[in-house]
Amino acid sequence: MYKKLFIPGPTHVREEILQAQTAPMIGHRSKDYSDLQGEIRPKLQKLLYTGQPVFLFASSGTGLMEGSIRQAVRPGKRALVTACGAFSDRWYNIAVANGVPADRVDVEWGQGITPALVDEALSQGDYDAVTITFNETSTGVMNPLQEIAALVNRKYPDAVILVDAVSGMAGAKIEFDAWGLDVAFASTQKCFALPPGLAVAPVSERMLERAAQVPNRGYYFDFLNMLKYYQKDQTPATPAISLINALNRQLDDILAEGLENRWARHLEMAETVRTWARQYWALFPDERFLSNTVTTIKNTRGISVADLNKALGERGAMLSNGYGKQLKEKTFRIAHMGDLTVADITWLLGEIDDILGL
Ligand SMILES: *Cc1c(COP(=O)(O)O)cnc(C)c1O
């Protein structure tokens, strides 16, 4: 049976978007392809409030964690990883796997990263980069990205700001230029509400200058090589053309909805889930850092989340258990991202109420 996805990726994909992928194939060195990428370029820049290049990679978001951290840190310098859950942990592991010297600053899961914490950590070393997970999907925490970036830009001009925006971009406002970010990236299966396989990444001029000072940038994600092709509305390797067609359609729909309306809809869905969660359960994250795109709920009633999900499956919906050993069955997550509506959320909560007799 078809299940509407209330999980934090892949999320629900509308029929029109699925259809947009079925356009006939075109050559990636053809004018048709350059026209397509050229059409998308200004729409992505609008979505991200940026005048800088927005690259498209045929990869999931994790690829950009690797690509960005290895191009940000010059020989002899270090990266600071801010960690508040499973996805920010991953970035530390990726730094280590790439031989990028990295330190980490951790907060307890459910807590957010504060500018003061980043300030203290950055003051201790010679840092070329700081990584921030905008929306930590494992815990349902949204970090105060704008405030952190303002602090870093004011006090640590050498540190480029790398942002994992995988589960936030296109669901919450990210003013890439005004906030002074250097790289932000997202996979399309989250708030973009497309199938997986494509990553979107605005990259600042400052980051491109930094990359030029890093000898081992890697190959696939090399931003300087990307830029060369971007200027011709192409990519160095074969792009995910079908997904890019879907992205083009989706960007039209996003801009037709209106960006402010889109952010407001995500917040309204979040508020709906929060109100319900406070009534029947408890919220897992600190109230100061609640995410607008996914809510992590404490299983205070001691139900079997797996059984709940099975029952929901028979009614055509799916939510997410808690992330990993630490949070599975102790929490569960309802994603409210992409093209889901407040009516979808209200329906889902009603089904849960009915199943559990709340
Ligand atoms: C989903 C997610 C990732 C991983 O993205 P992939 O597309 O699976 O590579 C990374 N970071 C965050 C915050 C996520 O939510």
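**View 1. Thr137 and the ligand in a predicted model.** In this predicted model, an N or O atom in the side chain of Thr137 sits 2.4 Å from an oxygen atom of the ligand. The protein buries 90% of the 380 Å² that the ligand exposes when taken alone (Shrake-Rupley accessible areas, 1.4 Å probe). Local features need pLDDT of at least 70, side-chain atom pairs count only at pLDDT 80 or more, and totals for chains, interfaces and linings use all residues. Residues are numbered from 1 along each chain as its sequence is written, and side-chain values use heavy atoms, with hydrogens and water left out.

**View 2. Ser60 and Lys190 at the ligand.** Ser60 places a polar side-chain atom 2.5 Å from a ligand oxygen atom. For Lys190, a polar side-chain atom lies 2.7 Å from an oxygen atom of the ligand.

**View 3. The shell around the ligand.** Around the ligand are 14 residues (near: a heavy atom within 4 Å). Ser60, Thr62, Thr137, Ser187 and Lys190 come nearest. By class, the shell holds three nonpolar, eight polar and three charged residues. Ala, Val, Leu, Ile, Met, Phe, Trp, Tyr, Cys and Pro count as nonpolar; Asp, Glu, Lys and Arg as charged; the others, Gly among them, as polar. Helices α3 (61–72) and α4 (86–97) each supply at least two shell residues. The largest share, three residues, comes from α3. Helices (H or I, at least four residues) and strands (E, at least two) are DSSP runs numbered from the N terminus.

**View 4. Asn135 in strand β6.** Asn135 lies in β6 (residues 135–136). Is Asn135 buried or exposed? Asn135 is buried, with a relative accessible area of 2% (buried: under 20%; exposed: over 50%; partly exposed in between; 1.4 Å probe, protein chains only). The Asn135 side chain makes polar contacts with the side chains of Ser291 at 2.7 Å and Thr293 at 3.1 Å. A polar contact is a pair of N or O atoms within 3.5 Å; within protein, one must be able to donate a hydrogen and the other to accept it, and residues adjacent in sequence count only if both atoms are side-chain atoms. Leaving aside neighbours within four places in sequence, Asn135 also contacts residues including Val141, Met142, Asp164 and Val294 (heavy atoms within 4.5 Å).

**View 5. Strand β12 and its partners.** Four of the five residues of β12 (residues 294–298) are buried. Strand β11 (residues 282–283) pairs with β12 in the antiparallel sense over two bridges (pairing: at least two DSSP bridges). Leu283 has Ile297 of β12 as its bridge partner. β15 (residues 331–335) also pairs antiparallel with β12, over five bridges. There, Lys298 stands opposite Thr331.
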